[in-house]
Amino acid sequence: MGGPPYSVFVGNVPYDATEERLRDMFSEVGPVHAFRLVTDRETGKLKGFGFCEYNDKATAESAKRNLNGRDYNGRAIRVDFAEDADREGGGGGASGGAGGGGGGGGGG
């Protein structure tokens, strides 16, 4: 009885990322129950974040400890507990997503 899946928030994901490659990366700490990148409903493009689910809390904690800040295609992936992000962020709701993405940095 492993209980409910334990979700970690995966942020700062490059727009050219694939679920398969990220799932492989997150599998390094233990078996992944599910992985999902969030996409825009209208365009189908990635929104730059997703969620990874593990069957136990210890594996989710290991993912946060070992994968937070890991480089993926030139960006430092952010890993945090999904429940913590919900509590600290005030719920988001209809106001979620405000602020745009800030572009890709470009000009180097």
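Tutor: Two strands pair if DSSP finds at least two bridges between them. Keep that cut-off in mind; this model is predicted.

Student: What makes β1 and β6 a pair?

Tutor: The cut-off is at least two bridges. Strand β1, residues 6–11, and β6 share 4 bridges in the antiparallel sense. So they count as paired under the at least two rule.

Student: Which residue of β6 stands opposite G11?

Tutor: R78 stands opposite G11.

Student: How do you know that β2 and β3 pair?

Tutor: Count the bridges again. β2 and β3 are joined by 6, and they run antiparallel. Pairing needs at least two, so they qualify.

Student: What lies between β2 and β3?

Tutor: The two strands form a hairpin with 6 residues between them. G44 sits in the turn and has a positive phi of about 80°.

Student: What is the strand order in the open sheet?

Tutor: The 4 strands run β2-β3-β1-β6, with antiparallel pairing.

Student: Why are β2 and β6 called edge strands?

Tutor: β2 (32–39) and β6 (78–81) each pair on one side only. Neighbouring strands of this sheet are turned by 25° against each other on average, direction ignored.

Student: What makes helix α1 a helix that touches the sheet?

Tutor: Contact means heavy atoms within 4.5 Å. Helix α1, residues 19–26, packs on the sheet and touches β1, β2, β3 (46–54) and β6. The direction of α1 makes about 140° with that of β2.

Student: Which strands does helix α2 touch?

Tutor: Helix α2, residues 57–67, also packs on the sheet, touching β1, β3 and β6. The direction of α2 makes about 150° with that of β6.

How values were computed. Residues are numbered from 1 along each chain as its sequence is written. This is a predicted model: local features need pLDDT of at least 70, side-chain atom pairs count only at pLDDT 80 or more; totals for chains, interfaces and linings use all residues. Side-chain values use heavy atoms; hydrogens and water are left out. Axes are lines fitted to C-alpha atoms, for helices over the stretch in contact, and angles run from 0 to 180 degrees between N-to-C directions.
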